[in-house]
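Keep the 3D view open and follow along as we go.

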Amino acid sequence: MSRGDIFIELDDIVKVFPGVRALDGVSIKIAEGKVHALCGENGAGKSTLIKVMTGVHARDGGDYRIDGKTVNFKSTKEAIDAGVSCVYQELSIAPQLDVAKNLFIGNLPMKGHIIDHKTLYEKSEEILKFLEMDISPHMIAGDLSVGQQQMIEIGRALTRNARLIIMDEPTSSLSEAETDTLFKVIKTLVEDRNMAIIYISHKLDEVMELADWITVIRDGKNIISKAKTDFTQAELVKNMIGRPLENLYMKEPAEITDTMLEVNHLTRDGVFDDISFKVRKGEVVGFFGLVGAGRSEIMRAIFGVDKYNSGEVILDGKKLKGGDPAKAIENGIGFCTEDRKKEGLALKISILSNMTLVKLKALSHGGVVDRVAQRRAADKYMKSISIKAPSVNQLVGNLSGGNQQKVVVAKWLLMDPKVLIVDEPTRGIDVGSKSEIYSILSDLAKQGMAIIVVSSEVEEIMGVCDKVITIAEGKKTGEMAITPELTREHILSCALGTETDFSAETDGEKKEEVKENG
Amino acid sequence: MEEKGVKKEAAAAENAVDLKKIQRVRFLKDNNSILILVALLFVAFIGVDGFTGSWYNVALYSAEYGICCLGLALVMICGNIDLSVGYNAAFCGVMFVITFNHIYNSTGNSALGIIVGLIVALITGGVLGAFNGVIITKVGVSPLIATIATNYIYEGLVMNFAKTSFAPVNKDAITPIAKYQIFGLRWLTPMVIIFLLFVLGTYLWMHYTRYGNRLHIVGDNPEAAEYAGISVSKTAFTTFVLCGIMAGMTGFMMVAFSGAAIYTQGTTLGTFPISCVIIGGVKMTGGKGTAVHVLLGVLIMRTVSTMMSTMFWSTNRVNLVTGLLLIAVLIADRFTSTKSADE
Amino acid sequence: MKKMSKVLSLALAGIMAASLAACGGAASSNSGGASGSASGSAASGASGSAVTTTASGASTASGDEADADLNYQNYDLSGKTIGYVTINSAAPWGGRIGTMFQQYAEEQGAKVQVLDAQADVDKVSEYCQQMIDANVDALVIFGGDVDANVEIAKNADDAGIPVFMAALDVGDGGQQYVKAVVGPDQEKMCADIAKYVVEQNGTDQDFTVAQISGVPFLEDYIERERGFQTYMKDYPNYTLLEPQYAYSNRDDAKGYMTDILNSHPETNIVMGYDDDLTMGAVQAIDEAGKTGDIKVYSLTGQKDAIQAVIDGKIEMTVMNRADNISAGLVSAIGTYFKDGSEPAYYLRTPLTYITKDNAEQYLDQAEF
């Protein structure tokens, strides 16, 4: 077989779940040595399609052929053996095993009946080198960063002689550097090893950079499927959401007034150092830095989940006592965490309960929850930030990522916060929902709320913020107003610590005080 | 593009330093039981009068109870738990005595009695273990609840078959397995060697065979295991059966050591194996630990116990100290999380 | 942070270890506190004017049996270290044997090391081994598993340590390793009770006998039941119900008795194998309004049971004094140290049969 030959064909695939026609006649052809991007909003049917391809679900209709022969995978193992491997969005790393065993999970090299440890570690070294990962195969996977773990998952597919690797949002937890490496790896796999890749991502620029062929799925049907060269990004978005999207970032100017949050010389030993900034009413301040630079940790310290060694947090003229999230909430700080599922939401309970979780005390009389008031409060935000769900009683786990994020935001809005901190608000969310989240943030700022947005995407920062603060290795390396003249490269350099720019900083004299305090 | 290269190098350099450190901390953390054991032995030999004369008990009692701890460890590495090990072992001991007596009385051949009795004990253990396995992996009952229940059942079986404790008719043929001093060394008896062989065998099985390797994966991330084509329920079931078989071996050892199947040995074992396994460094949540850790855990627990009875401390205080030690280990484990700073 | 935690964990381990070492010296001082009221009169009390006081030694001529010498004051144990391993010091009777033994032996100059297995039979073996390793001058064992005790006695004997059993014999094949068993003949005690039952109730009418026992596999109860049941076999007009085991829990005994009264309303005799349990049964009978209709027989001789005898709720109980056993043990050990002699294998302590006729005078002598 040679590059470009079609070897996997899916014809008219149908998959029905109780009450939903998840796939309604999807057809795709996969060619060797090509990157095939699969685009669509959350809930469009991409995940189901992958699960049909990898043997997790059995199809209810249509034909699935590899090399012209119809296949009916009953398990992931059969799919893997047939050369179809998948890197799932949810990490399936075994965190207590070492890197080598994670790479060769379920597929350890054997010498007779005995595991060949020598080959295991040698081959692992090779794969790590190929992935440009400077780690030992003896490292315990749980000690690696999320990005490194993601790379291990990709490496896993390489150990299986895969002909097709499906990557579901592989870059959602990768740093930029890791993303670059991944792209390089993908290009090598495709060009040198003649592998096929199905690439699924919400990041359209990635899709445009990588893909040879793009298929858009919406509501379980293919909408359009053609070569990348025939697509424009706008056309792609239009096909995905079913309507043109004029402006992804709808930042409307808001009136910026008094200082709401003031952070002075905040330090936590070994994590972040001497962080000072101000956020004013109506202002959206972006925090940008590499994963692990300390952005989230600063926010956690301000909110009181983590402790800090020195410095102070002043909210609306009042100094906050550190280490007490309950007090912070009471005083008006809202914090939408980075990992929705881990920290922000209880998936097995309803939208209603999730939304009113922090507000429960105010909605109760003498320890008894006022159900009517609770319902009224939740309904208000269901409408105002348009959470798409049949009712407030829907379990949060059944919502799409975008709607889950809205529930998190609503949860905090119920508290009428003076300051809202949102950490990676759009991670793993489709384009349509992203745009909605941005417009919610913009509205809130217009109402006079002070907002902090933590993000790893420069475009997002530039699109929604009035000001950006860059953090590198726990130190503040820049504070710049977002102006048309500000370049992406400049922000990135500051975030790397190679440049500094405090042009938007209001009070430079603060620097001197540090030494006295320290 | 230029700044990306710079960034990557910086990140890589920083990573390398960090990872080395993590690896070191990780090694200490995962093997802290050896430090505990060394510290304990140091204190015992230096500070406890008479320990030099009685430490061989550590070896003997470790061997007596150690094998079922190994079995339990397999179950726990897979992320489950088995609280019925004690009475499983006790019942296997009873079955051994019944079989041995029957054969000895009819043939007068004690070697045959031992062999058949041992086989019956192991099969009994395996069957009881399989019963646990079916309830937990096939029916889907929580292992905690299921094995609490089966522990009651097995206790009932013991009481039913052994209204009183009972001894093998010709126990002089059996006790040498526990008592015969090889090379005249008090601590080296066939029982100790059998235990060490079990430790070695289990270690090698988990290290070198594909099946043995599955336990860690299944315990660590069952979903990942399923995606990799490893049947979680089959693997878990296997560990329950193995645990039962090892409990059977312990039942035999207990008869050989005390010269009788004793009804309360099930209670004696009770939570002891779990403590050993945890203190040795196997994680309650699964995915972590080797046979060597179990060996260390058993030695630690026995050292504490022997040390204290050498000082004529009674059970209540031994329990108190053991409990504190266990808590200390768990606290230490909690605070030495090696997860990198971004968590 | 990480480094600190590591240090912390080591420190914890160190502290634990250090505390073990530090406490070593104090370990032997855990003598019981219950040396109060009845102790002084222990030896003489039982040999008073009781009508039915017997010592089993008198009834058999075998050289294997003799009366225990309760005058422990005549023996010198100075300089000796004696290991005492008990199955459970929390139970009143068994606990008192240990407490009094320690007191008497120490009065005579011995050093007593006590290890309490807290009802864990297996621990008895372990602790005895520990005593052997510590090379004590003599080893006293109370309770444990009879068969396992054979192995222990053998080990002790191999090490040249004399073994004495308190109250309970060692299992078959172990006698050769044991110097003496000090205690009453429990089997005979219960046969005597059975005899009294038959004497009192006659052989004409039919009787249904309920039995409330302690633990099915503890040797004391096995011997007691054997004594009673064997004697009763010869009297077919007495129907014995299956014994109910209350595992030394008075409330359970009461519950079992209530059940029996419901399922076998014809029950008219109750044999309790331990006063504490019998009192539970008496309570159940009281609540069922059957006091007087049902005759209750028991043993141990504890205060509330003797009071019940006076009140007519119990027909008979047998005072089986723990401190007599303690005294007998000290004497036996003393004799052995003096000249290596062993008066007899079974050293019997006296029993006092308490009925309505003599109950008043023993009320004050009860140990607990």
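## The sheet in chain C

In this predicted model, seven strands of chain C line up as an open sheet, and their order is E1-E13-E6-E5-E4-E2-E3, with parallel pairing. At the edges sit strand E1 (65-67) and strand E3 (111-116) of chain C, and each of them pairs on one side only. Ignoring direction, neighbouring strands of this sheet are turned by 25° against each other on average.

What holds strands like these together? Strands of a sheet pair through backbone hydrogen bonds, and the pairing can be parallel or antiparallel.

## Following strand E2

Let's zoom in on strand E2 (residues 81-86) of chain C. E2(C) runs parallel to E3(C), and six bridges join the two. If you want a spot to look at, find C:Tyr84, which stands opposite C:Val114 in E3(C).

E2(C) also runs parallel to E4(C), this time with five bridges joining them. Here C:Gly83 is the residue to look for, standing opposite C:Leu139 in E4(C).

## Strand E4, covered on both faces

How many of the five residues of strand E4 (residues 138-142) of chain C are buried? Five of the five are, so this strand counts as mostly covered. Both faces of E4(C) are covered: C:Ala138, C:Val140 and C:Phe142 are buried on one side, while C:Leu139 and C:Ile141 are buried on the other.

E4(C) also pairs with strand E5 (residues 163-166) of chain C; the two run parallel and are joined by four bridges. Within E5(C), C:Phe164 is the bridge partner of C:Val140. To get from E4(C) to E5(C), the chain passes through helix H6 (residues 146-158) of chain C, making a right-handed β-α-β crossover.

Now for helix H12 (residues 322-339) of chain C. Its 18 residues, at 1.5 Å a residue, should span 26 Å, and the end C-alpha atoms are 27 Å apart, which agrees. H12(C) is mostly covered, with 13 of its 18 residues buried. Just after H12(C) comes C:Gly340, which takes a positive phi of about 75°.

## Over to chain A

Chain A is split by the domain assignment into domain 1 (6-241), domain 2 (247-332 + 418-518) and domain 3 (345-416). The centres of domain 1 and domain 2 of chain A, taken over C-alpha atoms, are separated by 35 Å. In the contact between these two, domain 1 of chain A supplies 11 residues and domain 2 of chain A supplies nine. On the domain 1 side, helix H8 (residues 233-241) of chain A gives the most, with three residues.

Conventions: Residues numbered from 1 in each chain as written. Chains lettered and ligands numbered in written order. Predicted model: local features only at pLDDT ≥ 70, side-chain atom pairs only at ≥ 80, totals over all residues. Pairing = 2+ DSSP bridges. Axes fitted to C-alpha atoms, helices over the stretch in contact; angles between N-to-C directions. Buried ≥ 20, exposed ≤ 12 C-beta atoms within 10 Å, placed from the backbone. Right-handed = clockwise from strand over helix to strand, strands pointing away. Expected span 1.5 Å × (residues − 1). Domains from an automatic or database assignment. Contact = placed C-beta atoms within 7 Å.
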